[in-house]
Amino acid sequence: MQLRDNLVLKVSTLRSRGVIIDVTVLDVMDSFASRTLHDLVRMIKLRGADTVIVGIQPEVAFAMVQLGLTMEGVPAALDLEEGLAFFNQNSLRKETGPRVK
Amino acid sequence: MSNEIRVAIQTDVDIVTARMQGRALGTEVGFGSTDLTLIATAISELARNIILYAKQGEIILEVIANSDPCGITVVAQDQGPGIIDIGQAMRVGYSTSGSLGLGLPGVSRLMDEFHINSQPGQGTTVTVKKWKR
């Protein structure tokens, strides 16, 4: 809950366009955790930023599918690097002018 | 090797304790990492249900040693309000708490055996088993 409040606030103060949530350390993603994460992503979306979840471990992904958790509408990427690549691709598509990196 | 572990469930921290104990016991039995995660997820789900619906209860973990294959039993019991319609509670998408309604049907998919015993006003006991293949 603290993470949620801080994150939604930070999206405003930093005028963030993208948020990467790294869940590598999570050994379990149950339906409660998944819903909390999903809600968080929707709140961030309403503040104008996109979120990508990275680092879902293979066993965790397997358990999530068995449990019926699809995280529909929430983009996921393999790791932090792929997460950053996801945003680079997306903003390139949106912007028309040249981008300074 | 300890054959039975009881974890009182009252707070979020207890959920983490229960699934860590489940992983430890499952490792003793010889489960692989995928099965350990499935077991830990089921424990997490059942313990969350206890807090959500009954406020408090207990998770009992037990090794099934004298059989082939061996396995692990997880019992989640509480003296909460109980479930009026178990058939409904086992349906995907049904929830009285505003959750996703994946909990119980999901747990039955994570594990090999699933039994539920519940009487309105007398609490709920869910017993699940996973066999080592």
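Student: What share of the contacts in chain A with a separation of 6 or more comes from residues 24 or more positions apart?

Tutor: This is a predicted model. In chain A, 78% of the contacts with a separation of 6 or more join residues 24 or more positions apart.

Student: How many helices and strands does chain A have, and in which order do the elements run?

Tutor: Chain A has four helices and three strands. Read from the N terminus, the order is α-β-α-β-α-β-α. Of its 101 residues, 21% count as buried.

Student: Which residues touch the most other members of the largest nonpolar core?

Tutor: That core has 35 residues, and the ones with the most contacts to other members are B:Ile39, B:Ala42, B:Ile43, B:Leu46, B:Ala47, B:Ile59 and B:Val74.

Student: Take B:Ala42. Which residues does B:Ala42 touch, not counting those up to four places away in sequence?

Tutor: On that count, B:Ala42 touches B:Val74, B:Val107, B:Leu110, B:Met111 and B:Val128.

Student: How should I read the packing of two helices? At what angle do the axes of helix 1 and helix 2 of chain B cross?

Tutor: Start with the distance and angle between the axes. Here the axes come within 9 Å and cross at roughly 150°. An angle over 145 degrees counts as roughly antiparallel, so helix 1 of chain B is roughly antiparallel to helix 2 of chain B. The crossing of these two helices is right-handed.

Student: Which residues make the contact?

Tutor: Helix 1 of chain B uses residues including B:Ile15, B:Ala18, B:Gly22 and B:Gly26, while those of helix 2 of chain B include B:Leu36, B:Ile39, B:Ile43 and B:Ala47. By class, the contact has seven nonpolar, four polar and five charged residues.

Student: And the interface between the chains: how many residues does the contact take from each chain?

Tutor: In general, the size of an interface is often given as the accessible area lost when the parts come together. Here we have residue counts: the contact takes 18 residues from chain B and 14 residues from chain A. On the chain B side, helix 2 and helix 4 are the elements that give two or more residues, and helix 2 gives the most, with nine. By class, that side has six nonpolar, eight polar and four charged residues.

Terms used: Residues are numbered from 1 along each chain as its sequence is written. Chains are lettered from A and ligands numbered from 1 in the order in which they are written. This is a predicted model: local features need pLDDT of at least 70, side-chain atom pairs count only at pLDDT 80 or more; totals for chains, interfaces and linings use all residues. A nonpolar core is a set of buried Ala, Val, Leu, Ile, Met, Phe, Trp, Tyr and Cys residues joined through C-beta atoms within 7 Å. A residue is buried if 20 or more other C-beta atoms lie within 10 Å of its own, exposed if 12 or fewer, and partly exposed in between; C-beta atoms are placed from the backbone. Two residues are in contact if their C-beta atoms, placed from the backbone, lie within 7 Å. Axes are lines fitted to C-alpha atoms, for helices over the stretch in contact, and angles run from 0 to 180 degrees between N-to-C directions. Angles under 35 degrees count as roughly parallel, over 145 as roughly antiparallel, 65 to 115 as roughly perpendicular and the rest as oblique. A crossing is left-handed if the near helix is turned anticlockwise from the far one by less than a right angle, and right-handed if clockwise. Ala, Val, Leu, Ile, Met, Phe, Trp, Tyr, Cys and Pro count as nonpolar, Asp, Glu, Lys and Arg as charged, and the others, Gly among them, as polar.
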